[in-house]
Every structure is written in C-alpha cells, then in structure tokens.
Amino acid sequence: MTDLAHFFDRAFAPLEAAVAASRIPGGVLGMVDRHGDRFVRAIGSAQIVPKVRPMHVETWFDLASLTKIIFTTPRILALAEDGVIDLDAPLISVLSDIRQYDEKAWERKVTFRQCLGHQTQFPAVAPIYTYGRDPELLRAFVLQREWQAGEPVYSDINFILLGFALERVSGKAIRDMDPGPGFAFSAEPDASAATEDCTWRHRVLCGEVHDDNCSALQGAGHAGLFGTAASILDFAQGLLDGTGASERSIALMRMPLSPTRTHGWERPYEGWSGGRLCSPGTIGHTGFTGTGLWIDFDKGKAWTLLTNRIQPTRHFNSGIAALRQSIGDLVNGA
C-alpha cells in the first residue's frame, strides 16, 4: 500500500461516520499527488429530499465558492501576466463606471489585488437577488451602490466585481465563457448532488446554482461552477506539477497577502479548514454547499472533500467544519 493509499483509507473514516450519523447525506473524498496517483471514494446519498439517489464518484457538485479559486482567480492572474490589467491598479481601470456619480468614492480606489486577498471594505455578502431578477439591472446596482464601508472581511462582493471585470474585458457573460476542462455552469439533475430546498425559487435545487446572487446575476465570479472530484483533482494536479498555470500565477496563488490569505486562496492559520498538520506551503478554500479543496505544495499532494451538507436545508448543524479539519489532519498523518 502506498503512503497516499494509507492516508486516504484513514481519512475516509470521518466521512463514513458523518454519513452514518446523518449529519450529511453523502460525500466524495479524493486525493492526488503531483505524479498523478489518485484515490476517490463516494458514500451515502446524492439526494434525500424529495427522493433518494445514491452518491457516486462521478457525481457533479455545485462548487459554490470554489468558483473563486478554480475559475476567477486563475483568469484574473492570467490577465495580469498578459499585461491586460495591473493587479495594483483600481478596478475602475476596467470597470470605469463604479460609483460614477462620486469620483471621490472609496469604492473607486479598490484594486484587483485587494479583491483577490479580501482586503477591501465591502461587506461579506449582501442579498443582491432581493432587488430584482434582471441581471443587467443588478450589475448596475452593484456598480452604483454606495456600499457601507467596514473592516476587511472575506467578501463575495470582491469576486462579484472581479467577475464583472472578466466580463468587461472579454465582452462575454460569464456563462458564455469556457468554464475549464471538466467543469460547467450547470449539470444534469440526475447526475448531480442536490443542494437546498430553496425558499426563494420554491424547489429543491439540483444541477442549478444554489447561490441566490449568482442565480439572479445569471453567472458571477464568486460562485456558479460545477465539477466532479475528477475535474477538481485534475485542476489540483496541474498546480502541483506546474502544467495547470504559469509559474508566476502559481507563485501568486501561494504568496501571502495577510495572515490568512493569498491571491484568491486561504493559507494555514489557527483553526483553518485544512486542519493543524498542513505544511506552511498549503493553500485551500471551501464552498458553502459543503465543498473544499486543499493543495500542499511542500508535500506534493492535494485533497478534495465534496459533500451536499445543505440538502435539504442549511439550517442544520452538519459539523462540516470539524469534518474538514479531521480529514485534513488524517490526510497529513495524524
């Protein structure tokens, strides 16, 4: 048995326990190393309401905020490397109409790098979808709104604006862009892990984006990507072996911008989702629907935990934070 297989078998046990205790309906755990050796295993149900369907290793997941690191961050960094944007320039270098009626507005000074590192004064989230369902009107609303400035926090608004920048540069809506190999912006319902019984859309969501703001915007930079364990592991291996992005972009993904953040990603800190035993050279991210990806460059391996922890509701203590940490520690030899 290889070391990877040994760690994988041990790390799968907490996922089995979580499903057995009905804390989550089901999940898929995957690991890969920089040489391409990988292990993937599924357990439980992809859906339990209103019908029951089994989970498979090929099940598609709404990746939620993993969209930030798999889709948006690499594209912003590539634009910077090509000289199309300057990471330290304000967003108005592309989105010239941000707060266009107040040239002194603080929002007009926010830079691409600050958005990538969540170092802006935007709120964590806002119910943009409650202002209507016209995606162009909502884009104008986000750009013109006088946002209440606060202390820097992890903010979806940062990546919604980065998504707008991608659209402006390319002349395409996000959902008309190439999502990347093995990814999509929707999935077949019967092949997907269900998410929530949505009180706004009045149905169980399956194969369509869970995030309300992304749904109303009809595509956004902070959420909306779908993928499988295989596609996520392919993406991770590409960063580990250097084939998935340029050396400069990978270096920026790893470069600390704060005690908890790099360009787009999280880095290890006390209590973070990857557990206590990650190497300092680890980056990771999680998604609200129950997804996560962690890449340890020092040890040359990555792991993804994909769950449907909000099926049928988010208003339940699934224990996802402790599950992620426990699996991370076992992946790293606890």
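A salt bridge is taken here as a side-chain nitrogen of Lys or Arg within 4 Å of a carboxyl oxygen of Asp or Glu. The model is predicted, so that local features need pLDDT of at least 70 and side-chain atom pairs count only at pLDDT 80 or more, while totals for chains, interfaces and linings use all residues. Residues are numbered from 1 along each chain as its sequence is written, and side-chain values use heavy atoms, with hydrogens and water left out.

The structure holds 16 salt bridges. One of them joins aspartate 156 to lysine 68, at 2.8 Å from N to O. Aspartate 156 belongs to helix α5 (residues 156-170) and lysine 68 to helix α2, so the pair ties together parts that are 88 residues apart in sequence. Helices (H or I, at least four residues) and strands (E, at least two) are DSSP runs, numbered from the N terminus. Burial is expressed as relative accessible area (buried, under 20%; exposed, over 50%; partly exposed, in between; 1.4 Å probe, protein chains only). Aspartate 156 is buried at 10%, and lysine 68 is buried at 0%.

Aspartate 212 forms a salt bridge with arginine 201, in which the closest N and O atoms are 3.2 Å apart. This pair links helix α6, which holds aspartate 212, to the loop between β6 and β7, which holds arginine 201, across 11 residues. Aspartate 212 is buried, with a relative accessible area of 15%, and arginine 201 is buried at 8%. A further salt bridge, of 3.3 Å from N to O, is found between aspartate 329 and arginine 276. Aspartate 329 lies in helix α9 and arginine 276 in the loop between α8 (247-254) and β9, 53 residues apart. Aspartate 329 is buried at 10% relative accessibility, whereas arginine 276 is exposed at 63%. Salt bridges with shared partners join Arg201, Arg203, Glu208 and Asp212 into one network.

Arginine 108, in the loop between α2 (66-81) and α3 (112-116), is buried but has no salt bridge; the nearest side chain of opposite charge, glutamate 103, is 5.7 Å away. For charge, Lys and Arg count as positive and Asp and Glu as negative, and His and the chain ends are not counted. A polar atom of the arginine 108 side chain lies 2.6 Å from the backbone oxygen of isoleucine 98. With residues up to four places away in sequence not counted, the contacts of arginine 108 (heavy atoms within 4.5 Å) include Pro90, Ile92, Asp97 and Arg99.

Two cis peptide bonds are described next. Valine 49 and proline 50 are joined by a cis peptide bond with omega about 0°, and proline 50 is located in the loop between β2 (38-47) and β3 (53-54). Glutamine 311 and proline 312 are likewise joined by a cis peptide bond, with omega about 10°; proline 312 is in the loop between β11 (301-307) and α9. Most residues other than glycine have a negative phi, and most peptide bonds are trans. Alanine 64 has a positive phi, near 55°, and lies in the loop between β4 (61-62) and α2. Alanine 64 is buried, at 9% relative accessibility. Histidine 202 also has a positive phi, near 60°, in the loop between β6 (197-198) and β7 (203-204), but histidine 202 is exposed, at 67%.

Definitions and conventions: Polar contact = N/O pair within 3.5 Å; in protein donor to acceptor, adjacent residues only side chain to side chain.
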